[in-house]
Amino acid sequence: MQSQNITKKMNPLPNSNHIVHFFLDLYRLQVGLPEPDLRLMSARALTDPQKSREMTYELNVTHRGKGHSRRMSLNRLGDDAASKSTCYKVIYDDLLVLKIPPQPVVDFDRYLQSIEWERRISNHLAPDVTCVSPSLGAILKKFPEFQNDGDLSQTASEKIITRRVKKSPDLQRYLKIRGTFVLFMNLSKYLFFDQVIEKMHRQGNQLSDTIAGSLDIMGDIQAFEAAFGKGNDTIFFNFTNLQNTYLRDMDPLLQQHGKDSLDVPEYRKRQWMFDQLAGKAIDNERDQLPEAFILDRKRIGAQVFSREKKTIAQFFQLIRSDIRKTTDIRNRNISGGIISNLMEMLFHLREKNTAIRDLKPDNMFLAGNSDNPDFFLTSANQYALGLIDLETSVNFDKTKPLEQPILAGTPFFATPSHLFENRYLAEVFHDVPRTLYLQDWFAAVGVIYNIVTGKTLFQKTGQLLPEVARVRSKAITKGEPPADVLKHAGWAFWHTACVEFREAMATNQTIFKHLPLSLGEREREMLLVETLGAESLLLNQIKSSILNQSFFKGDEVRKNMVMASAEKITDLEKNWPTGKDAQKASPELNRQIMAFLRCLAHLKKSRTTVLQLRPFFEKESSDITAQHLVFQLFRLVFFFMYRPEWTHRKHPEPV
């Protein structure tokens, strides 16, 4: 596993302000200013941080009396995790991702080891999963001292750059921000995952832009019917009357301001109306009209609109409905393709015995066969999903000793198992490799929800993870078993996760239910194998719980309990306190019996639930929807990572 050199005196880590000034200093060198001079250098924010996560800055450098300026953008990725690097997305000529280690790294060899760790995982996954790992050249090639190293392959160039920096330690300053080495990754060839999702779900000025661009459609009945279908002709003709009224009122107004009505083409006057309806500024310079005309035109337009409120409202509703329909069709197609590619990635990770353990939109990109994303997004086989930030990843090939990965994860995409060492996972779950790759499957549930809705799924559940980390640390200090902490944390975590998942899916049921997926044969087979594995695990737990209890004796009784339905066991639990057998037993024994029955009922419900969707993965011809997939992924993780025998309390209700 990679390690990091930690200075004895903990220095504050770089923040966004330090990153901006790092690139300002890079720009200084590119311009040719030999030494930093605050009088000749400045960085100015052009974006309000209260309104946007992605900040744009203007960098200014004056050299030999001439001013130079350029822009860069900066966006913080993800959330804080004490044991994990902090990532930033930077656009400076190229799209870069910067990783700030959780503790300052000052030793160059240790820095190279951390790069090699991610490169090893990346090479292991290639070519099935494209990964971008950190490199020295990603940033150093932007500095003048490294721009003439020749046109070499990336591997050869990286070796030459590494030798140069080792030979001349002074060059290492270009890899540091505020005294700590920073990892740099170049994603210039790829499309950032969150850009696609944000564009899919961005509302923005779509309504306004569509209204302003409706001039041609609202001037031709055939174009109108082609756009909105037949049956809305009344709206078209009412709106035509509105346009005619507006035009009649504009002509006298033009004459009043010293203009002949023929000086402005009719289509321009009509466009004024659409622009005003859309709330857009009207281009007066183009029409060369006096300033005094602006207010009068706006006033007259408002008067016309006030008399035709119903017609305008119907027009707006028609536009909104059309935007929603068009957006839904487009997003359904794009979402289906991305989800299919995500499942293909999960297949390759499982086949390669690798778990990423911090799978999330911020750590993913799209690698397409075209420079035009609008083109390749229309077909899932035109692109694949790639990964960055592999520092939490681990390979669990059975031919090699299992390495201990970093204990970290992003709260909205992680489970309590992310925070415990392998030896405790083995003690609690008895299958460490499966625990590790199912961590990615849980994250995939959140990623799919984000793809389809543009929102974050486990908001409440994710807030439990910092508390789990705190309780774990406290338990270790007190000498308490960490495995017990994991079990208790699992109960609270999965209670919240089940409720939150159920509510979110109920709210978005329609869109998930009507989103068909095209999963390959390998992905279906993988889901079927995991489904059968979950069913077998639950059946073994059912048999074991019945065998290990001493309340219900006799082979026939135990056989009947194995065969009994979840409903029958639940009825037995409900009726037990008032039954004659309960009267004979002590309160403590009755408590144990009730706990056993609750545990057994939960296991039987879980087994029935996990098998519900089995037919969809058995037949290649069956239609699988996003709803089928996301429910099964959640169930497979939940039924493995929650064990009802851990507690006597009420169990989470299977979804």
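A residue counts as buried when its relative accessible area is under 20%. The structure considered here is a predicted model.

By this cut-off, E158 is buried, because its relative accessibility is 10%. E158 forms a salt bridge with R119, and their closest N and O atoms are 3.7 Å apart. Since E158 belongs to helix 4 (residues 154-167) and R119 to helix 2, the pair ties together parts that are 39 residues apart in sequence.

R119 has another partner, E116, with the closest N and O atoms 3.8 Å apart in this salt bridge. Both E116 and R119 lie in helix 2 (residues 108-125), three residues apart, which is about one turn of the helix. An α-helix has 3.6 residues a turn, so residues three or four places apart point the same way. E116 is partly exposed, at 40% relative accessibility, and R119 is also partly exposed, at 24%.

A further salt bridge joins D37 and R39, whose closest N and O atoms are 3.0 Å apart. Here D37 is buried, with a relative accessible area of 17%, whereas R39 is exposed, at 75%. The count of salt bridges in the model comes to 30.

In helix 14 (residues 422-429), the buried residues are N422, Y424, L425, V428 and F429. These residues lie on the same side of helix 14, because they cover an arc of only 160 degrees around the axis. They pack against helix 15 (432-453), helix 18 (482-507) and helix 26 (626-641). Just after helix 14 comes H430, which takes a positive phi of about 65 degrees.

Definitions and conventions
Residues numbered from 1 in each chain as written. Predicted model: local features only at pLDDT ≥ 70, side-chain atom pairs only at ≥ 80, totals over all residues. Heavy atoms only, no water. Buried < 20%, exposed > 50% of the residue type's maximum accessible area, 1.4 Å probe, protein only. Helix = DSSP H or I, 4+ residues; strand = E, 2+ residues; numbered from the N terminus. Arc of directions from axis to C-beta. Contact = heavy atoms within 4.5 Å. Salt bridge = Lys/Arg side-chain N within 4 Å of Asp/Glu carboxyl O.
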